[in-house]
Amino acid sequence: MKAFRHYLVTSTLLLGFLSFYIPIRYQTAYPRDIGPQFDKRIRNTYLNMLNEEQPEILLFGDSMLAPAVDEVLVEEQLGRKTRLVSLPGTASTIWYLIIKNNIVLAEHKPKHLVVFFRESMMTVPGYRTTGRYFELIDEFAAPTDELLTQRAYINQMTSLEKFMEGYIPLYGSRWRIRQSLDYYLRYPLGRVLLDCNPGCMDYAGEVVFEESNLDITFLSEAIGAADDYLYSEGALDFDGQVGASFLPEVIRLCRENGIQLVLVRMPIQRYYEPASEPPGLHAYIQDLDRYLEKENVAFLDFDQKEIPLEFFSDTLHLNEDGKAIFTRELVEALKKIVE
Amino acid sequence: MSFTSLAFWVFFAAVFALYWLARARRWQNIILVLASYAFYGWIQPWLALMLGISTLADFFLARAMKAYASRTRLLMGTSLILNLGVLAFFKYFNFFSDDLARLVNALGMQGDIFLTRIALPAGLSFYTLKKLGYMIDVSRGTLQPAHSLIDFALYVSFFPQIVAGPIDRPQKLMPQIEARRTWKAEYFFSAWQLILMGLFKKLVIANSIGSITERIFHLEEPTILLAVTGALGFTLQILADFSAYTDLSRGVAFLLGFETSENFKSPYLALTPTEFWNRWHITLSFWLRDYVFFPMRRFLLGRQEQLPKWLVQVIPPLVTMLISGLWHGAGWTFLLWGGMYGILIVVYQALGMGGNWKPKSRLTTFFAWLIMFGFIVFGWLLFAAPSLDWVIEVFSRPFAGSIEQQAVALIGLSIAFVYSIPMIAKRLLDRYVGEDSIVRSIYYAVATATIFIYVNSATPDFIYFQF
């Protein structure tokens, strides 16, 4: 009883002190605005690339894209300048940001934007937005990106989370505090013992843990576990998701800027046996197809059965032989759209 | 449903309110059984069905033992086959499934779909041991079979324990299940520290260190330094993770008026392997001691005139620890891990350092601890390694490797060191600081504040769920 009373008093004092100190330290209001705080700087990598290289076709997607599509072959076969942007660990939220803050702002806009996705990725705005993904999103987002904050973050929170974000500064600023803690955990020893600065230490992590150094089974299982979210009941409810996703915005931005949007559903190995597919997936794809047809957006569905299992290096990524087959099929399909 | 998820605490709040409102023991037990089955079948309802069928079987088999004493051996044998059969099927099926699939395919049949990998139902290993302990005690006549199916079902399925223990004996839990329970404030005062420390150890320590150790153990070609870093990290991770689960389990049980067993007593301070197993996963160790080690030793002692003396000393610890290894998983690494402890126990005993051995000087104590800690860390290297080949090949690689590999090892060591500080501090508090001390409340207040920083939407499962 006495121990609990002591704990209650000490915790109240500590949390009270931190509730004053943290808003001052991080210059945030109280109650804090819910959702992440983006800095003003926006990375213009792809805006600059479009202006400099002036491609007619831009192929755009996550880590599945580079091992699946031969950019040079597509350019040769279609006779149009083509560029490929394959960003590992990205999904529809960051694609929307890059389209909005880079692609449509470029002086030279591509005529055709081909977005490669898997399963329900285009309509789940909360997928790949927190943790280390947040850092990438922050690079392409500005404080004025209210739609991003609302759909990718606030809409994903429960009422309790919203309350805690607003009224408990320790929770609301937890990512920034963790970043500071991580800094002191990761870097000082490297600087002292190996003369390795934070950039060098981060690079070391990327080199040592790059995908080719990891056990393929573990990698596939890790990818599968992360992707479970794409197959949840909520994520496969197309009508429930599409209005709160970035897909309508991506379509609007492309249409208003004279860019033809093409969506490509990638082949994957996860549910190779048709009977093992989650029950809602087929209905989801049908709904997506209908929606895109209504919006006059080209949709290429490369169902997983078209590429045999031996052409995959893991559950998601194609190997060199798979790349040749998929590129050939993609070119055939794109010819009908771009010509 | 994980103890660290919001869903669990909403579920628990509802159960807690209903349970204490019910007042009558019978209704309280019915509510707990229903809650336990809902908890266990939350993701896969068939798991609850399987639990129900096996509970029914053992309840009636135990009753039959009482009614037909002459058939006790037959009934006990049936229970053993049922319990161990189910456990072996789920636990060891995957070990052989690839070979089986190849064989079936070679015979011209389509075996891939039928023989796809079967996931081990969470908690099966734990509740099987609970039931087996009950059945063995009833067959020995040291325990009366339960009169009420509800009471027995609650003993087996009690939701704070079903997924990862503690493996409480019927002698401890059944009297509490059969007794009337009314709310007392002391339940809360016993529970809050356990729940707080459970959340802190899991969300802050285990999850943080786990993110790097998991990746190290899945590197195709780690250096020796990286493997040692991974082993040290895993040493901290598994203690924080499993003891967090036990703390949460015990805290939740206290809130329902049950006192369940401790599972850890500073295991990494052990000086000998025997002491380690008296401090680590205590309820499993004692289960194995009472139902495997002692019976086997008694059996061999009864035949010692026909057997060499050393065999009587060597076989029981070795076989018990091999079984412990296999209980943790089907794989050569687990078997070797268990075997290593079996050999260590035998060697330490032969050197006169078994049982209650205590060093005479502080220096001897320090070296005994250092050597034992080294064995523990090496044991966890075997335990966490993806395969035996991986372990063997590690020692043929360079010690430190490239600058990048050294940098990653340094990050891992630094993280392991920093996150071990709160565990060491807690140990010192428990030893030197009183329950009501302000220093202790500051520790808990800082732990609470840290939980707010580390809590987020994605919480990896507890490691021991997989066993």
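Student: What should I know about the numbering and the model?

Tutor: Residues are numbered from 1 along each chain as its sequence is written, and chains are lettered from A and ligands numbered from 1 in the order in which they are written. This is a predicted model, in which local features need pLDDT of at least 70 and side-chain atom pairs count only at pLDDT 80 or more, while totals for chains, interfaces and linings use all residues.

Student: In what order do the five strands of the open sheet in chain A run?

Tutor: Strands of a sheet pair through backbone hydrogen bonds, either parallel or antiparallel. Here the order is S2-S1-S3-S4-S5, with parallel pairing. Strands (E, at least two residues) and helices (H or I, at least four) are DSSP runs numbered from the N terminus, and two strands pair if DSSP finds at least two bridges between them. S2 (82–86) and S5 (298–301) of chain A are the edge strands, each pairing on one side only. Between S1 (57–61) and S2 of chain A there are five bridges; Leu58(A) stands opposite Arg83(A).

Student: How do I read the packing of H2(A) and H5(A)?

Tutor: Two packed helices are described by the angle between their axes and the distance between the axes. The axes of H2 (45–53) and H5 (92–103) of chain A come within 8 Å and cross at roughly 55 degrees. Axes are lines fitted to C-alpha atoms, for helices over the stretch in contact, and angles run from 0 to 180 degrees between N-to-C directions. H2(A) is therefore oblique to H5(A): under 35 degrees counts as roughly parallel, over 145 as roughly antiparallel, 65 to 115 as roughly perpendicular and the rest as oblique.

Student: Which residues make the contact?

Tutor: H2(A) brings Tyr46(A), Leu47(A) and Leu50(A), and H5(A) brings Ile98(A), Asn102(A) and Ile103(A). Contact means that C-beta atoms, placed from the backbone, lie within 7 Å.

Student: How is chain B divided?

Tutor: Into domain 1 (6–183) and domain 2 (187–466), with bounds from an automatic or database domain assignment. Their centres, taken over C-alpha atoms, are separated by 26 Å. In the contact, 26 residues of domain 1 of chain B meet 23 residues of domain 2 of chain B.

Student: How many residues does each chain give to the contact between chains?

Tutor: Chain B gives 32 residues and chain A gives 37 residues. On the chain B side, H16(B) gives the most, with eleven residues.

Terms used:
Contact = placed C-beta atoms within 7 Å.
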